[in-house]
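Please keep the sequence and the 3D view open while reading.

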Amino acid sequence: MTKHEALDLTRTTITGGVGISLRHDSAHKHVAGEAVYIDDLPEPAGTLHAYLGLSTVAHGTIRAMDLSEVETAPGVIAVLTAKDVPGVNDISSTGLHDEPIFPEKEVQFFGQPIFAVIAETREAARRACQKAKIEYEEKPAIIDIADADPANPKLVTKPLTLKRGEAEDAIARAPRRIKGQMRVGGQDHFYLEGQIALAVPGEDMDVTVHSSTQHPSEVQHIVAHTLGVPSHAVTVEVRRMGGGFGGKETQANLFAAVAAIAAKQTGRPVKLRPDRDDDMTATGKRHDFLIDYDVGFDDEGNILGVHLKYAARCGFSADLSGPVTDRALFHCDNAYFYPVVRAASVPLYTNTVSNTAFRGFGGPQGMVGAERVVEEIAFALGKDPLEIRKRNFYGETDRNVTPYHQTVEDNIIHRLVAELEASADYAGRRQAIAAFNAGSEIIKRGIALTPVKFGISFTATHFNQAGALVHVYTDGSVHLNHGGTEMGQGLYVKVAQVVAEEFQIDIDQVKITATTTGKVPNTSATAASSGSDLNGMAAQNAARQIKDRLIDFAADRYEVPHEQVVFLPGRVRVGNQEIPFADLIKQAYMARVQLSSAGFYKTPKIHWDRDKGRGQPFYYFAYGAACTEVSIDTLTGEYMVERVDILHETGRSLNPAIDLGQIEGGFIQGMGWLTTEELVWDEKGRLRTHAPSTYKIPLASDRPKIFNVKLADWAENAEPTIHRSKAVGEPPFMLAISVLHALSDAVASVADYKICPRLDAPATPERVLFAVERLKAEAGR
């Protein structure tokens, strides 16, 4: 008997089932440098290398393009331009046909790909790109949100308005009113593995593309369209990405399409991997926003009406700006009830790279606007911002309808915040900080506790579906494939745990395999924090189909009722006997029982009418709260994050260790967005922060000195999700809003907390210093 067939009647649990803390399935490979990414794959014989030639103006017409020296450069095999695209010259994900692979005439942003060089080596292709001679007729460029025509702005997609009641009337009637504006910066994804694609031509129309993408099916369809072939001719495979964060949801399309076109034209494999600075220049980022707010409230701090406008720099094409700006509005309330509200998006056209998905997908920007409104009210009334937050929380049985008319039915924010407030000793520390600041002239401290309520589901309802494929082999081992992609977040191991739990086998008997369009078709992007929800349920469905067949078989063969066939750890009880799982599988195979199944899942209950601004776009909400304490140097603006306490709920966690890692990592990434990560374009439309020398992501040394992270172990999803768990990819990102408000609190101390600092994001040391000086001047100090 093999080790898997050994019968242990005393076993009560399996190794690696649901709810168990397991390491990431590739963690040991990550730290040892053994995890295989696309650039690590052995290159097929004859592999060529592609490199992109980028535009050097932000907006203009190509008057002449001389590529003769490029074509004759050493090692060059081919040069591709718009005329070499055999199918549709478009990689847009929206169907608007507004994003060409290569433009024919009009250039719309600095760094837009104009042509591609295919050469024997990457260095040869890279050097040849520099030999291009292109003449432009430059046109006026819209670089910043402020450059847009306020009366008649050019938009990349249809805006959205959410409305309940008459906001202007409610605000006008309110005892108090505040208007203001806030700037919220963008963010580069800075994935450790950059964009990359390796295309291998096959016979006839076929091509296989290894793509670092969160959306293999979209890459498949885009490549097929650009080649002018059916989707069945294109197979896209991805085992893992070295980070994605939304930056590989649509942005991988360009690199896969260029590599595939070159591969089919030359008949040889082609790899395309840009340098980091070209990657940062030519790919989209988190949208930056200009938020206008107008709020009416009473003397107790109750919000009576609010009018919000979210204007976003979207870039030259729609990309995902429509749904991103929609989701910003969906989260303009965060955890707060607005009795009367009007919120509108303004998705602006600009001559910059088209911005795209990024962890939170517009939700973080929406929440930052909500928290600024709360902060303004608190300063106007001389109250603790936490008091205003709690006063305006959604109710559990009333005051529970969102601006998009969905009823919040699972509200646990009151309990969550109360527990964190007590465990973090918020009140005691606020008092101690006030005393410290009174006696400290230069170093000031600040504290803030902010909530998170984040909606889970794709707002495009049709994306809320998933497929999975499960095979059980005759030795009892299991092959698992699904449409989700692994980018370091732990999706693969979570879904494997689900399958192991269903069959009651140890997780080492479940083989995790690379995501490929050849096994599971028409998949949705691994995004919207839905990876485990969707793919876990699809895999469970597939496993249960096989289990049902096994139960039918065992009941028939051993002549027992179906309810007497029970899966136990490593074995199956059939009546009064227990059979090793692998033995039952062999018996079922000999009886010609199907041991393979395709599973499917679609999220129930959700619907959304964008034209009416009404519906139930989210299946449920995920909740969390963070309390952050900081110290700032009022002479330099430099700061340190002294302590962070987080209480976050993930329902019944599938894997607590993975979830804690997501919470910690999400918080740090969010902290970077709101503090040190600043994107700067100059007046020519050139991105000046296009490398780690000028773009500063958080370092290990930026980690909070004290970092307490806890799961709310009492929480359970009210909806029947996979094992009643909740999504954890995006919601923790917004916990970092507490850092911005702790910095604001510290700045406010220089004027005795009487003036709202109105600190924009990112709150770089320079902005903190300017805010300190401004408040001192306003306070007459």
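## Terms and basis

A residue is called buried when its relative accessible area is under 20%, exposed when it is over 50%, and partly exposed in between, with a 1.4 Å probe and only the protein chains counted. The model is predicted, so local features need pLDDT of at least 70 and side-chain atom pairs count only at pLDDT 80 or more, whereas totals for chains, interfaces and linings use all residues. Residues are numbered from 1 along each chain as its sequence is written, and side-chain values use heavy atoms, with hydrogens and water left out.

## Salt bridges

The structure holds 53 salt bridges, a salt bridge being a side-chain nitrogen of Lys or Arg within 4 Å of a carboxyl oxygen of Asp or Glu. In one of them, Lys383 pairs with Glu387, and their closest N and O atoms are 3.6 Å apart. Lys383 has a relative accessible area of 25% and is therefore partly exposed, and Glu387, at 33%, is partly exposed too.

Another salt bridge joins Arg430 to Asp384, with the closest N and O atoms 3.5 Å apart. This pair links distant parts of the chain, because Arg430 lies in helix α12 (residues 426–439) and Asp384 in the loop between α9 (363–381) and α10 (385–391), 46 residues apart; helices here are DSSP runs of H or I with at least four residues, and strands are runs of E with at least two, numbered from the N terminus. Asp384 counts as partly exposed, since its relative accessibility is 22%.

## Aromatic pairs

Rings of Phe, Tyr and Trp (its six-membered ring) are paired if their centres lie within 6.5 Å, and planes under 30 degrees apart count as stacked, over 60 as edge-to-face and the rest as tilted. By this rule the count comes to 17 aromatic pairs. Why is the pair of Phe190 and Tyr695 called stacked? Their ring centres are 6.3 Å apart and their planes meet at 15 degrees, so the pair is stacked.

Phe190 sits in the loop between β8 (176–184) and β9 (197–201), while Tyr695 sits in the loop between α16 (656–674) and β29 (706–711), 505 residues apart, and the pair thus links distant parts of the chain. Phe190 is buried at 14% relative accessibility, and Tyr695 is buried at 1%. Elsewhere, Phe330, Tyr404, Trp608, Phe618 and Phe621 form one aromatic cluster.
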